[in-house]
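Some notes for your copy of the model follow. Please read them with the structure open.

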Amino acid sequence: MPERRERALIVFARVPRRGRVKSRLAAGIGETQALDAYRTMLVDTLATCASLAGTRTLLCVEGDYVDGECGALAERCGTQVGREGAGDRGQRIHEALAT
């Protein structure tokens, strides 16, 4: 019988900061409302991931910020949190998959 591998999801996210997330949306509704929408989407995404039985979720945060709001959100959702790696998108994905 083949070895069963663990299922995992990786969520890449930016730190929720006004003016740093959802810039195209912010152009239409304003930075504060775009930040609120981003937070809501991130919470919903992590809650959905947490509801999947037998699946581990890793929240990869851009930059050096893994404490504070992102860390608290990950903890609340039962999600691991880590730093997003350096390099282009492919390199960051490769590093996260290796984790």
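Predicted model: local features only at pLDDT ≥ 70, side-chain atom pairs only at ≥ 80, totals over all residues.

1. H2 supplies four residues to the lining of the largest pocket, the largest share. Residues are numbered from 1 along each chain as its sequence is written, and side-chain values use heavy atoms, leaving out hydrogens and water.

2. At least two lining residues each come from strand S1 (7-13), helix H1 (23-29), helix H2 (31-50) and helix H4 (89-98). The lining has 20 residues, with Phe12, Ala13, Arg14, Tyr38 and Glu62 nearest the pocket centre. A pocket is an open set of points on a 1 Å grid over the protein atoms alone, where a 1.4 Å probe fits, with protein on both sides within 12 Å along at least five of seven lines; lining residues have an atom within 4 Å of a point.

3. H2 also meets helix H3 (residues 68-76): Arg39, Leu42, Val43 and Leu46 are in contact with Glu69, Leu73 and Arg76 (contact means heavy atoms within 4.5 Å).

4. Thr57 belongs to strand S2 (residues 55-61). Thr57 is buried, with a relative accessible area of 5% (buried means under 20%, with a 1.4 Å probe and protein chains only). Leaving aside residues up to four places away in sequence, Thr57 touches Leu9, Val11, Leu46, Cys49, Thr79 and Gln80.

How values were computed
Buried < 20%, exposed > 50% of the residue type's maximum accessible area, 1.4 Å probe, protein only.
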